[in-house]
Amino acid sequence: MDPIYQQLVELLERKERLAFAVLVETKGSTPQKCGAKAIFLPDGRILGTLGGGCLEAETRQKALRAIETGESFSFRAVLDDDFGWDDGLICGGSVQTFVQPDPGRSKVWQALLAEPSKRQRRVLATITTGEHVGKRTLFAGSELIVADDLPADLLSELSAQCAGLLGEAEPEPLSLALPASSLSIYFEPILPQPILVVCGGGHIGCAIGKIAAWSGFDVVAVDDRASFANKERFPDAKQIIVDDPAKVMKDFPVDADTYICIVTRGHKHDAVILKEIIHKPAAYIGMIGSKRKVRTVMDGFIEEGVATTEDFRRIHTPMGLSIRSITVEEIAVSVLAELIAVRRNAQNYVSLSVTNQLADKSVLPSSESSGGTRCPA
């Protein structure tokens, strides 16, 4: 969830005057994409961003006027020579921006921030034009969590739209016109942040945890040493567990939103942890180490019947992208880049992992049983 909502609620609780703006539609080349948000305050402060430049300046002027008039509105800007000549912002695209002064009347904000531990996939729907402009609903699938005062038939239509949106694997924000009611609705998926479990609180684990928290992951730090698993080393972690990482990961709830980095103080520790999670449905399982270490661990798992070479194809080891990283901080950036690439389903990036190479050169147990072999790459 965008952290700007927390800032918005805090400002509203202090009864500060403000206008809230969001890009509800973008076409072509634009400085920000659909869903970018900003809060404009009378003293000139801007929290968040719509991309800067002339678009943000234009929105700021309109937002400050709206604070005085109390009227919500939408406006379209075409980012061409006529709009952006003064600061070089000639993107060529267009944006639709919704501006709402004093959004504190909505009952949805507190519900939006409540019970983050539930990790629900939700949709925030905002009416941006028409009779009920500025009113909102919050749905978890088709189930209504809370809504402003709206007609039952409109809530039913919104419910169907929200359920359809959350049925997509990677739902994106979008605006829809509802012809029957002459309303425009902005639908914003509110998805739980992915969980990154960092097994090991050493230098690299600590650096990965810090950058991951800044990059939108809920970090869980695990180490059996309290001197390594603590708030000082992981200041932004959602959870810190002082216990044997292998024991923790054996029962840790892993799903498709879980990412795991194994960076303990020795390859024996790493292998024990990997044994507990190699078959779990994580989005990403990574382990630090050299090609020789990976070969040793893979051979050991195959001999013990723990896993096959095919199981190792989904393991990222060594972790990270090929950016010739040397320092601890550079290694952490490399690892986070790979986590983001997996999260965003990026294509054609160059990974350091050698598990596919090693698997291609190995004879698969399943091939042996059927009399076949796998040719080397």
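The second largest cavity holds about 40 Å³ of space. A cavity here is a set of points, on a 1 Å grid over the protein atoms alone, where a 1.4 Å probe fits but cannot get out. Its volume is the space filled by probe spheres set on the points, which are joined across faces, edges and corners. This is a predicted model, so local features need pLDDT of at least 70 and side-chain atom pairs count only at pLDDT 80 or more, while totals for chains, interfaces and linings use all residues. Residues are numbered from 1 along each chain as its sequence is written, and side-chain values use heavy atoms, with hydrogens and water left out.

**Cavities**

- Lining residues have an atom within 4 Å of a cavity point; for the second largest cavity they include Gly209, Lys210, Phe234 and Asp236.
- Helix 6 (residues 203-214) gives the largest share of that lining, three residues; helices (H or I, at least four residues) and strands (E, at least two) are DSSP runs, numbered from the N terminus.
- The lining of the second largest cavity splits into five nonpolar, one polar and three charged residues.
- In the largest cavity, the lining has seven nonpolar, one polar and three charged residues.
- For these classes, Ala, Val, Leu, Ile, Met, Phe, Trp, Tyr, Cys and Pro count as nonpolar, Asp, Glu, Lys and Arg as charged, and the others, Gly among them, as polar.
- Among the residues lining the largest cavity are Tyr5, Phe20, Trp109 and Glu188.
- Strand 1, strand 6 (122-129) and strand 10 (183-190) each supply at least two residues of the largest cavity's lining.

- Five strands form an open sheet in the order 3-2-1-5-4, with antiparallel pairing; two strands pair if DSSP finds at least two bridges between them.
- Strand 3 (46-48) and strand 4 (73-78) are the edge strands, each pairing on one side only.
- Strand 2 (residues 37-40) and strand 3 run antiparallel and are joined by three bridges, with Leu47 of strand 3 as the bridge partner of Ile39.

**Helices across the sheet**

- Helix 1 (residues 4-13) lies across strand 1 (19-27), strand 2 and strand 3, at about 20 degrees to strand 2.
- Contact means heavy atoms within 4.5 Å; axes are lines fitted to C-alpha atoms, for helices over the stretch in contact, and angles run from 0 to 180 degrees between N-to-C directions.
- Helix 2 (residues 53-69) lies across strands 1, 2, 3, 4 and 5 (94-101), running at about 25 degrees to strand 5.

Methods. 1 Å grid on protein atoms, 1.4 Å probe; cavity = no way out; pocket = protein on both sides within 12 Å on 5 of 7 lines; lining within 4 Å.
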